[in-house]
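Student: I would like to learn how to read a few features of a structure. Please show me where to begin.

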Amino acid sequence: MSSEARRPLVAVAALGGTISMVPGDGQDHAVPRLSATDLLGGLGANLEMDVRAETLAGISSASMDFATLIRTRDWAARAVAEGAQGVVVVQGTDTLEETAYFFELTWGSEAPIVITGAMRNPSLPSADGAANLLAALTVAAEPRSRGRGSLVAFNDDVHLARWVRKTHSSHVEAFSSHPAGPLGLLAEGAVHYFHPVAPRPAALPVENADFSGLVPIVESGVEDTGEVLETLVKAGVKGVVLAANGAGHVSAATADVIERALPEVPIVVAGRTGAGPTFRSTYGFRGSESDLIAMGVTMAGWLDPRKSRLLLHTLLATGASRDRVEAEFRLRGDLT
């Protein structure tokens with residue numbers, strides 16, 4: 001067999017975002033215009049794999065929705081079934097961490113699915129899109145990426161979707177996995193992993209999921225009375241994620257609202273700090289973690305509010321019971 005025949009096949013789906021944006025005719029502002037083929041065209045001889053590319057959308061990632069995510073996931077699954085060793089999804093960075101975590105929740109294949117994008121559009125000096133795309137392709141084609149689930153390749157770092165967050169609005173080093181750190185990095189065209197493949201929870205089925213209805217995030221703060229939460233519950237939301245203070249604390253007034261609301265909707269409490277877990281048994285005041293748990297609140301553990309929303313919405317879309325919600329958050333949010 002020739003060396004050419006042994007080249008891995010990687011499937012690339014383009015969804016839009018900064019990496020695909022250039023100023024339009026007579027315009028100063030960048031808009032999505034480049035296709036998947038356009039994005040790959042500049043890589044040329046740098047590719048050490050065969051690539052199948054398709055443009056699935058041309059949107060800013062601020063307009064990302066569950067319908068697009070499911071369509072992309074289904075496309076990726078078909079690509080793997082047809083022989084792709086890995087998949088790359090190219091999109092905008094604004095919601096990239098959420099896309100990555102949705103795939104982490106719902107991607108059951110051993111083949112890696114790698115998400116990337118760019119902070120600088122191709123018309124700017126030192127645009128980073130081509131380098132990030134090449135890195136993502138390299139990660140997707142790497143045999144040691146198998147079994148690692150959903151990954152983010154950005155600025156030569158490789159992140160687990162479980163941890164990655166966008167932490168800067170404009171720097172090319174926009175993504176971080178604090179406090180766990182990156183899973184690996186790229187150097188001289190090779191992937192260097194710092195950790196072995198770890199077991200992953202089973203993928204959540206979404207074939208018959210119904211993502212209609214709202215699952216909002218509500219942030220706690222000074223003089224929080226719980227009125228926003230109460231208004232949302234009365235409006236008929238499916239569930240709520242509270243971005244709570246510290247290790248999972250709310251005001252006494254908000255705790256009263258939560259106690260009244262829990263029979264109507266499931267409520268997940270995540271920390272708003274950006275790092276660290278929600279507690280379970282340290283504090284005992286009204287609105288503390290132990291008080292909320294006694295009411296029936298689900299604690300998010302190490303999952304941040306955005307990832308908690310993705311998990312809760314996906315579970316509710318598949319008809320999960322309160323017990324199932326609690327079990328999944330303990331499985332995916334706790335590290336004990």
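Tutor: Begin with burial: a residue is buried under 20% relative accessible area, exposed over 50%, and partly exposed in between (1.4 Å probe, protein chains only). This is a predicted model, where local features need pLDDT of at least 70, side-chain atom pairs count only at pLDDT 80 or more, and totals for chains, interfaces and linings use all residues. Residues are numbered from 1 along each chain as its sequence is written, and side-chain values use heavy atoms, with hydrogens and water left out.

Student: How far from aspartate 224 is the nearest side chain of opposite charge?

Tutor: A salt bridge requires a side-chain nitrogen of Lys or Arg within 4 Å of a carboxyl oxygen of Asp or Glu. Aspartate 224 is buried and has none; arginine 272, the nearest side chain of opposite charge, is 8.2 Å away.

Student: With which side chain does the side chain of aspartate 224 make a polar contact?

Tutor: A polar contact is a pair of N or O atoms within 3.5 Å; within protein, one must be able to donate a hydrogen and the other to accept it, and residues adjacent in sequence count only if both atoms are side-chain atoms. Here the partner of aspartate 224 is the side chain of threonine 254, at 3.3 Å.

Student: Is glycine 147 buried or exposed?

Tutor: Glycine 147 is buried, because its relative accessibility is 8%. Its C-alpha atom is 8.1 Å from that of proline 199, 52 residues apart along the chain.

Student: What about phenylalanine 279: buried, partly exposed or exposed?

Tutor: Phenylalanine 279 has 33% relative accessibility, so it counts as partly exposed.

Definitions and conventions. Lys, Arg positive; Asp, Glu negative; His and termini not counted.
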